[in-house]
Every structure is written in structure tokens, then in C-alpha cells.
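User: I am new to protein structures and would like to learn how to read one feature by feature. Could you take me through this one slowly?

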Amino acid sequence: MKTTFEIAVFDGDGIGPEIMAPTVDILQTLAGPSDYDLRFVDAPAGAAHYARTGESFPKASMDTARRADAILLSAMGLPDVRYPDGTEISPQIDLRKALTLFAGVRPVTIRPGQPTPLATDEPIDFVLIRESTEGLFHTQGRGEVTADEARETLLITRAISEPLFKFAFDLAKSRKAAGRGPGKVTCVDKANVFRAFAFFREMFDAEAAKHPDITADHAYVDATALWMVERPWSFDVMVTENMFGDILSDLGAGLMGGLGLAPSADIGHDHAVFQPCHGSAPDIAGQGVANPMAMILSAAMMLEWLGGRHDRPDMAADGARLRDAVDTVIAAGTTRSRDLGGTAGTVQVATAVKDALA
Ligand code: ATP
């Protein structure tokens with residue numbers, strides 16, 4: 001009998017439903033002949049849902065997310081729909097906090113045929129891990145501001161940092177085993193200036209000592225920004241604090257020629273959300289021109305994560321196949337969405353990926 005995995009589907013706002021539908025279709029195609037089943041459960045939430053019902057994140061949708069084996073999310077939020085206090089509707093951030101998704105995984109891959117501002121033929125394939133629950137986001141929305149000064153607090157805890165570093169070394173190990181990296185983890189910090197980062201680095205070094213087969217090194221965040229442009233091929237896995245990761249992951253997306261090909265995962269002890277790095281792109285919503293590849297690549301990460309978690313090499317292999325199919329379409333260069341300089345629509349791109357799978 002096939003094992004069934006339940007997937008919570010947040011198809012969200014703007015282009016969200018347009019990129020989610022073909023992604024679910026591709027996942028169903030992959031699961032069809034396999035030994036696993038995927039059961040997709042809709043989880044309504046987001047700005048449009050709030051505008052319709054007065055509720056942005058119904059309890060039933062949070063329950064669906066908690067129960068699911070994995071969570072797929074497209075994009076949420078619309079600039080014109082806000083809470084009465086003017087803040088934006090972002091259930092994806094609520095989800096990150098509620099499920100303690102501390103490891104924000106942001107792969108930076110430049111495939112043959114992919115537009116990039118870098119003038120290099122070196123293959124680029126590294127992963128940035130952004131801590132996503134504390135750091136300089138700790139007092140988010142609660143900073144103290146008086147007439148003369150403003151304060152925010154940077155928080156680094158052992159409870160989050162230790163599993164974060166373990167996650168980073170495990171990822172380097174599995175990438176090495178898959179032939180995708182040399183087995184190296186770089187701790188990105190500012191330990192020369194802040195005691196909090198010396199503490200961060202100390203815990204990193206303690207985890208590194210448990211992995212003699214993996215190289216561990218350190219880099220200051222400012223130098224890292226420079227090296228990501230000058231020699232990005234020298235990175236394998238990098239791990240950093242929340243705010244540093246927020247900034248460096250956009251630099252990573254820039255190297256990848258924009259947001260249309262940037263997938264991500266937010267992973268905790270028991271749950272994980274897979275979503276593209278981009279937002280709901282209201283400027284192009286409803287036109288059928290959104291690039292679905294970041295969403296599809298996020299779904300590939302989901303299969304690989306489920307495969308690792310449940311000891312299902314077949315699922316992990318399907319994730320890799322899906323990634324390879326995207327690579328094939330990009331390398332062929334014949335089906336490109338508008339953001340990549342082409343004219344293909346969302347469905348055309350997704351169909352090309354599906355054909356490449358076959
Ligand atoms: P958020 O703050 O919600 O992350 P954002 O302000 O970063 O959103 P996006 O919604 O990501 O903005 O859109 C930024 C630009 O990138 C827009 O011009 C949008 O049309 C474009 N864009 C984003 N995602 C895609 C996509 N999948 N395909 C094509 N263009 C996209």
C-alpha cells in the first residue's frame with residue numbers, strides 16, 4: 001500500500017494561485033506512478049481572504065498546517081489590504097513563529113542558460129541558511145522609540161543556535177554525499193565587534209568539532225557580501241543570523257538574475273514550509289505571465305526534505321528529478337517567462353517542466 005503524505009496548500013494572494021495550481025499538478029504527476037501518495041489540503045489565508053471574511057489566518061488553516069507532513073505556500077499579502085493599524089497581512093510570518101521554523105534555507109544556484117549579472121562560467125550552487133525566529137528581528141514591532149532615541153534588541157539563544165548549526169552541518173553532509181558540494185560550512189557573523197556574535201561563533205565551533213568530515217570556517221558579514229559577488233563559487237553552506245540572512249538572501253537572489261528562480265524553505269524541528277522567495281506580485285497578477293519556477297523548485301525541496309525525514313530515497317530522487325527538469329528547461333532557453341526575457345506564460349513554462357520530467 002502506498003504511504004500517504006498530507007500537504008497543506010496555502011495558495012495565497014496575487015499570483016499565488018496561478019503558480020500553485022501547476023505546481024500541485026506536477027507533484028501529482030510525479031506521485032502517480034510512485035510508491036507514495038500526496039494528499040493536498042487547501043488552507044485559506046491571506047489578504048484576499050481577510051478582505052472577504054475579516055479573518056487573515058483562520059484557526060482551521062493553522063490546524064491544517066500543524067497536522068500536515070509539509071506545507072506548500074505561494075505568496076501572501078496585498079499592498080492595498082491592511083489591518084486597521086496599517087500593517088500588512090502576512091500569515092507566512094505568523095506561521096514561521098507559531099511552528100518555530102528557525103532554519104530559513106535559501107539555495108543560490110546559477111544554472112547554465114540562467115541570466116546572471118556575474119561574468120563567470122564557474123558553476124554556482126551554494127545554500128544560505130538564515131536563522132528566522134530571533135536575531136535582530138527579536139523585537140520586531142516592539143522596539144522602543146522615544147523623542148531622542150530608538151532601541152531594538154538582538155537575541156541569540158543556545159536553544160535555537162545549536163539546532164541551527166546541527167542543521168547546517170547535516171545539510172553540508174547530504175550535499176557532499178549527493179556530489180553537490182565539497183562539504184563546507186561557513187559561519188557568517190560580526191564576532192569582531194559584538195559579543196553576541198562571539199557567543200554565536202562559539203556554539204558554531206562546538207558543533208563543527210562533531211563533524212570532522214566537514215570543513216568549518218568563519219567570515220564577517222561585510223566580507224561575505226563582497227565575496228558573494230567576487231567569488232560566489234567558493235561557498236557551500238553558509239549559516240547566519242536573521243537580519244544578516246535577510247540582506248544576504250536578496251543579494252543571492254540578485255546573483256540568480258532575480259526572484260523568479262529563487263526557491264526557499266523554512267524548516268523547524270517538526271514542520272517545514274516551502275515557498276518561493278518572491279511576493280504576491282500584484283502588478284502582474286491575473287495575467288497568466290508569472291514565472292512558476294521558484295514555486296516548482298520549492299516543491300522539489302519539499303520532496304527532498306520529506307524523503308530525508310521519512311527515509312524515502314524515492315521521494316528525494318523525485319525532488320532531484322524535478323530540479324533537473326527545471327534545469328533542462330532553462331538550459332534549452334526556448335520556454336522563458338517574461339521576467340527571464342522571454343514571452344512564455346505560466347502554464348507554458350510549467351508544461352515545459354512537466355514535459356522535461358517525462
Ligand atoms: P513582498 O514584500 O511581498 O516579498 P515584494 O515587494 O518583494 O513582495 P514581489 O511581489 O516579490 O515584491 O514582486 C517584485 C517584482 O518582481 C514585481 O515587479 C513582480 O512582478 C516581480 N515578480 C515577483 N515574482 C515573480 C514571478 N514569479 N514571475 C515574474 N515576476 C515576478
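Predicted model: local features only at pLDDT ≥ 70, side-chain atom pairs only at ≥ 80, totals over all residues.

Analyst: Let us start with a helix, where helices (H or I, at least four residues) and strands (E, at least two) are DSSP runs numbered from the N terminus. Residues are numbered from 1 along each chain as its sequence is written, and side-chain values use heavy atoms, with hydrogens and water left out.

User: Which residues of α5 are buried, and what is found at the start of α5 and just after α5?

Analyst: Buried means under 20% relative accessible area, exposed means over 50%, and partly exposed lies in between (1.4 Å probe, protein chains only). In α5 the buried residues are I160, S161, P163, L164, F165, F167, A168, F169, L171, A172 and R175. At the start of α5, a side-chain oxygen of T157 comes to within 3.2 Å of the backbone nitrogen of I160, and just after α5, G179 takes a positive phi of about 75 degrees.

User: How are the buried residues of α10 arranged around the axis, and what covers them?

Analyst: The general idea is that an α-helix has 3.6 residues a turn, so residues three or four places apart point the same way. In α10 the buried residues are M315, D318, G319, L322, R323, A325, V326, V329 and I330. They cover an arc of only 145 degrees around the axis, which puts them on the same side of α10; the arc is that of the directions from the helix axis to the C-beta atoms. What covers these buried residues includes β1 (3-10), α1 (16-31), β2 (36-42), α9 (293-309) and α11 (346-357), where contact means heavy atoms within 4.5 Å. Just after α10, G333 has a positive phi of about 70 degrees.

User: Which residues other than glycine have a positive phi here?

Analyst: Most residues other than glycine have a negative phi, and most peptide bonds are trans. Here T100 has a phi near 45 degrees, a positive value in a residue other than glycine, and T100 sits in the loop between α4 (91-98) and β4 (103-110). T100 is partly exposed, with a relative accessible area of 35%. Phi of A281 is near 40 degrees, which is also positive; A281 lies in the loop between β12 (272-276) and α9 and counts as partly exposed at 22% relative accessibility.

User: Which residues are around the ligand, and what part of the ligand does the protein bury?

Analyst: A residue is near a molecule if one of its heavy atoms lies within 4 Å of it, and the residues around the ligand are I15, L259, H278, G279, S280, A281, D283, I284, A290, N291 and D339. A polar contact is a pair of N or O atoms within 3.5 Å; within protein, one must be able to donate a hydrogen and the other to accept it, and residues adjacent in sequence count only if both atoms are side-chain atoms. A polar side-chain atom of H278 lies 3.2 Å from a nitrogen atom of the ligand, while a backbone N or O atom of A281 lies 2.8 Å from an oxygen atom of the ligand. An N or O atom in the side chain of D283 is 2.8 Å from an oxygen atom of the ligand. Taken alone the ligand exposes 610 Å², and the protein buries 58% of that, with accessible areas from the Shrake-Rupley method with a 1.4 Å probe.

User: Is T240 buried or exposed, and what does the side chain of T240 lie 2.8 Å from?

Analyst: T240, in strand β10 (residues 237-240), is buried, with a relative accessible area of 0%. A polar atom of the side chain of T240 lies 2.8 Å from the backbone oxygen of V188. Beyond four places in sequence, the residues that T240 touches include R130 and L164.

User: Which side chains does R130 make polar contacts with?

Analyst: R130 lies in strand β5 (residues 124-131) and counts as buried at 7% relative accessibility. A polar contact of 2.8 Å joins the side chains of R130 and N242, and the side chain of R130 makes another polar contact, of 3.4 Å, with the side chain of D246.
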